[in-house]
Amino acid sequence: MNRRFETPRAAYVHVPFCRHHCGYCNFTVIARRDDLVDRYLQALAIELASLARPREVESLYLGGGTPSHLSPAQLCELLGRLREWFVPAGSFEFTLEANPVDMLPDRLGVMREFGINRISLGIQSFLPDKLAALERDHRQPEILRALEHVRGHVGNVSIDLIFGVPGETEDCWRRDLETLIAVRPQHVSIYGLTIERGSRFFGRVRKNQLKRLDDETERAMYLTAIDTLASAGYEHYEVSNFALPGFRSRHNEAYWTGRTYEAFGPGASRFVAGRRETNHRSVVTYLRRVMAGESPVAESEQLEPEDAARERLVFALRRIEGIDKQEFLAETGFRVHDLGGPALERFVAWGLLEDTPQTLRLTRDGLVVSDALWPEFLRQ
Ligand code: SF4
C-alpha cells in the first residue's frame with residue numbers, strides 16, 4: 001500500500017517556549033514570553049478540535065522549544081487535552097523533550113500521570129566550558145539530578161549531545177562520550193553543531209568572534225562517537241541516532257519510513273494525504289490566526305508521486321539498514337536507480353553507497369558526508 005494516503009498514526013505537537021534563546025538555535029522558539037503560554041494552550045485546543053474526532057496514535061511527540069518549561073498546571077492542561085484527542089494504540093510511545101533544570105518531581109509527576117513514557121533530554125554536553133559556549137543553563141550536577149528524577153518517574157530516557165562546538169577538542173568529545181556511556185540512557189542522538197543563517201552564532205562567525213571547527217576534526221568526532229557507542233552496546237540505526245536493543249524512537253521511525261503524521265502548534269509540519277503543510281513559524285502570528293478562526297498554515301504543497309518518492313529515498317537512506325529496493329518499488333512505484341540516476345552511480349563508485357541486488361545503503365564513508373548527498377536525490 002502507498003503509505004502517503006494512510007491515516008496518520010503519529011502526531012507531533014510543538015511547544016515553542018524557552019527560558020533563554022540559545023545563540024545557535026534556529027528552531028521556532030520564543031523566550032521570556034511566558035505571558036503567552038495560556039493563549040498558546042487555548043489556540044492549541046482550537047487547532048486540535050480540527051481533528052473532529054479522537055484519533056488512535058502509536059506515537060505522540062512533544063517537541064520545542066522546551067515543553068518541560070511549562071508549569072505543572074499548564075502541563076496538566078496540555079497533556080489532558082492531548083489525551084482527549086489521541087487514543088493510545090499498539091505499544092504507544094509518548095515523548096516529551098525536556099531541559100535538565102525542569103526535571104523536578106512536581107512536573108515529572110504530572111508527566112507520568114498523563115502517560116508520558118519517554119523523556120528526551122537536551123543535555124548537549126556534560127562539560128561546563130562546552131555548555132557555557134552553547135549558552136545552556138545546566139551543568140553536570142543538574143544533569144545527574146535530572147537523570148535520577150526521570151528514571152524514578154518515567155524510566156525511558158534519550159539524551160541529545162552536540163559535537164563540533166567552537167573551542168571543543170577531540171579529547172573533550174571523548175570525555176563527553178565516556179560520561180554518556182556511564183549514565184547509560186536507552187537512546188542517544190548526536191548532532192554536529194550547525195550554525196544556521198538567522199541564529200546569533202551565525203553573526204558572530206561572520207564577525208570572526210566564533211570559529212567553526214574544521215571538517216576533518218568534526219569527521220573524526222563523528223566516527224569516534226559511532227565506534228564508542230557501538231562498543232558500549234548501542235545500535236547505530238540512523239545517521240544521528242543510537243539505541244539500546246528495543247529502544248529505537250518509534251516516532252522518528254514513522255518519519256524515516258515514509259508514514260503520515262499529524263502536527264500542531266507554531267512552525268509544526270504535517271504530512272497527510274500526500275500533502276505537506278507547515279504552520280506559521282511566528283508564534284504571535286500563529287496565535288493571532290488561530291484565535292481569529294483562521295488557518296495557521298503558512299505553506300502547503302501537494303507532493304507529486306515522484307517528489308514524494310524522492311523524499312522517501314532520502315529518509316530511508318538515513319537509516320543504517322538502508323533501502324530494500326523491492327519494497328521501495330512496491331510502495332512508491334519508482335525504482336531506486338531511476339530516481340538516483342547518475343548521482344547514485346557516482347556515489348557507489350566513490351564508495352559512499354553500497355549497492356547490492358536487494359539493498360542500497362550508506363557506507364561508513366558515506367555516513368560522514370551524507371548531508372551533502374541528499375540534494376542530488378531531490379528535484380531542485
Ligand atoms: S536550543 Fe533548545 S533550549 Fe535553546 S533556544 Fe533552542 S529549543 Fe530552546
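**Figure 1. Polar contacts across the interface of domain 1 and domain 2.** The rule finds six residue pairs in polar contact across this interface, both residues at pLDDT 80 or more. A polar contact is a pair of N or O atoms within 3.5 Å; within protein, one must be able to donate a hydrogen and the other to accept it, and residues adjacent in sequence count only if both atoms are side-chain atoms. On the side of domain 1 that touches domain 2, α8 (215-231), β9 (235-238) and α9 (250-256) each give two or more residues. α8 gives the most, with five residues. That side divides into seven nonpolar, two polar and five charged residues. Here Ala, Val, Leu, Ile, Met, Phe, Trp, Tyr, Cys and Pro count as nonpolar, Asp, Glu, Lys and Arg as charged, and the others, Gly among them, as polar. Helices (H or I, at least four residues) and strands (E, at least two) are DSSP runs, numbered from the N terminus.

The model is predicted: local features need pLDDT of at least 70, side-chain atom pairs count only at pLDDT 80 or more, and totals for chains, interfaces and linings use all residues. Residues are numbered from 1 along each chain as its sequence is written, and side-chain values use heavy atoms, leaving out hydrogens and water.

**Figure 2. Domain 1 (8-256) and domain 2 (305-377).** The bounds come from an automatic or database domain assignment. The domain centres, taken over C-alpha atoms, are separated by 28 Å. Domain 1 brings 14 residues to the contact and domain 2 brings 13 residues, with contact meaning heavy atoms within 4.5 Å. Between them the domains bury about 1200 Å², 51% of it on carbon and sulfur atoms. Buried area is the accessible area (1.4 Å probe) that two parts lose on being put together, summed over both. In domain 1, Arg219, Val239 and Trp256 lose the most area to domain 2, together 41% of what that side buries.

Figure 3. Five salt bridges cross the interface of domain 1 and domain 2. The rule asks for a side-chain nitrogen of Lys or Arg within 4 Å of a carboxyl oxygen of Asp or Glu. Arg318 forms a salt bridge with Glu238; their closest N and O atoms are 2.5 Å apart. Arg319 sits in the loop between α11 (305-318) and β15 (323-324). Arg319 is buried, at 11% relative accessible area. Buried means under 20% (1.4 Å probe, protein chains only). Beyond four places in sequence, Arg319 touches Tyr237, Glu238, Arg248, Glu253, Trp256 and Thr257.

Technical notes:
Buried means under 20% relative accessible area, exposed over 50%, partly exposed in between (1.4 Å probe, protein chains only).
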